[in-house]
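Trainee: I am new to this structure and would like a close look at a single part of it, the nonpolar core and whatever surrounds it. Could you take me through it slowly?

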Amino acid sequence: MRNFVAAFKLVRVLAHLLVGLLTVYFHFPKLTQAQKNKRIEAWASELLAKLAIKLIVSGQPPKTGPMLLVSNHISWLDILVIHAAGHCRFVSKADIKHWPVLGTLTTAGGTLYIERESRRDAMRVVHHMCEALTHGDIVAVFPEGTTGDGVTLLPFHANLLQAAIVCKAPVQPIALSYIDSVTGQTSQAASFVGDETLVGSLWNTLKSCNLAAVATYGVPQLGNGRDRRTWAADLSTEIASLKSTSTTKL
């Protein structure tokens, strides 16, 4: 029965992806940027609903920029969760741009792509992040650089925080968690770590029951003279604290 339900969800998800592609190709050229942002936010919320994932938002997502969002990274779902809470522009690894369907959708969402292995490319992306922040955009990064187990945070890479320092933009920490909405316990249904494949992670998510995504937004903060490494360490500590607080409240 669980496999049958998962297959039904998959059909709905594929149909929603098709709707997204058609929207990008035929409607986006006619829309303002603000209208596009609203469409993306609504589309992400609808996709979470079709996956039967409950979204729980704590704190206040930013409505306008400039703002740099800094979040822990657990799953491919993270981007959908943050988009559903409020549209932003993500910084993602460059190979996603060439993925079928998903590459088109992420590019339409305003994603900035980075070659993670290249230090020179990081500086290029910092420059484009600065441009986006200066124009009043909300930009989001995952400073762990890869997905973790959802329990322990990986070390934060500090390079991309340079954009907030140069532009004197505020940074808002986000703590993401996936839980069983009935028990409140951490769920591994959306896990995408190590040797797990995207297809396998998607199927496990489709088979899950009572899955909820929790996005806890902290208070925006300024650098106040901190260098990027110190600020990255402070943000890691803050996100760990937000995760602990949100779990206690649930």
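Mentor: The largest nonpolar core has 38 residues, and those with the most contacts inside it are Leu51, Leu69, Leu77, Leu80, Ile82 and Tyr178. A nonpolar core here is a set of buried Ala, Val, Leu, Ile, Met, Phe, Trp, Tyr and Cys residues joined through side-chain atoms within 4.5 Å, where buried means under 20% relative accessible area, exposed over 50% and partly exposed in between, with a 1.4 Å probe and protein chains only. The model is a predicted one, in which local features need pLDDT of at least 70 and side-chain atom pairs count only at pLDDT 80 or more, whereas totals for chains, interfaces and linings use all residues. Residues are numbered from 1 along each chain as its sequence is written, and side-chain values use heavy atoms, with hydrogens and water left out.

Two or more residues of this core come from each of helix H1 (2-27), helix H2 (33-50), E2, H3, E5, E6 and E7; helices (H or I, at least four residues) and strands (E, at least two) are DSSP runs, numbered from the N terminus. The largest share, six residues, is given by H3. As for Ile82, and not counting residues up to four places away in sequence, it touches Leu69, Ser71, Cys88, Phe90, Phe142, Ile174, Leu176 and Tyr217, contact meaning heavy atoms within 4.5 Å. Apart from this core lies another, of 28 residues, among them Leu133, Val141, Trp231 and Ala232.

The strands belong to an open sheet of seven, ordered E1-E7-E6-E2-E5-E3-E4, with mixed pairing; two strands pair if DSSP finds at least two bridges between them. Strand E1 (54-58) and strand E4 (112-114) stand at the edges with a single partner strand each, so one side of each is left without a neighbour in the sheet. E1 runs parallel to strand E7 (residues 211-217) and is joined to it by five bridges, with Leu55 having Ala213 as its bridge partner in E7.

Within the sheet, E2 is mostly covered, since five of its five residues are buried. Met67, Leu69 and Ser71 point one way from E2, while Leu68 and Val70 point the other way. In a regular strand the side chains alternate between the two faces of the sheet. E2 is joined to E5 by four bridges, the two running parallel, and the partner of Val70 in E5 is Val141. Four bridges also join E2 to E6, again parallel, with Leu68 partnered by Val171 in E6.
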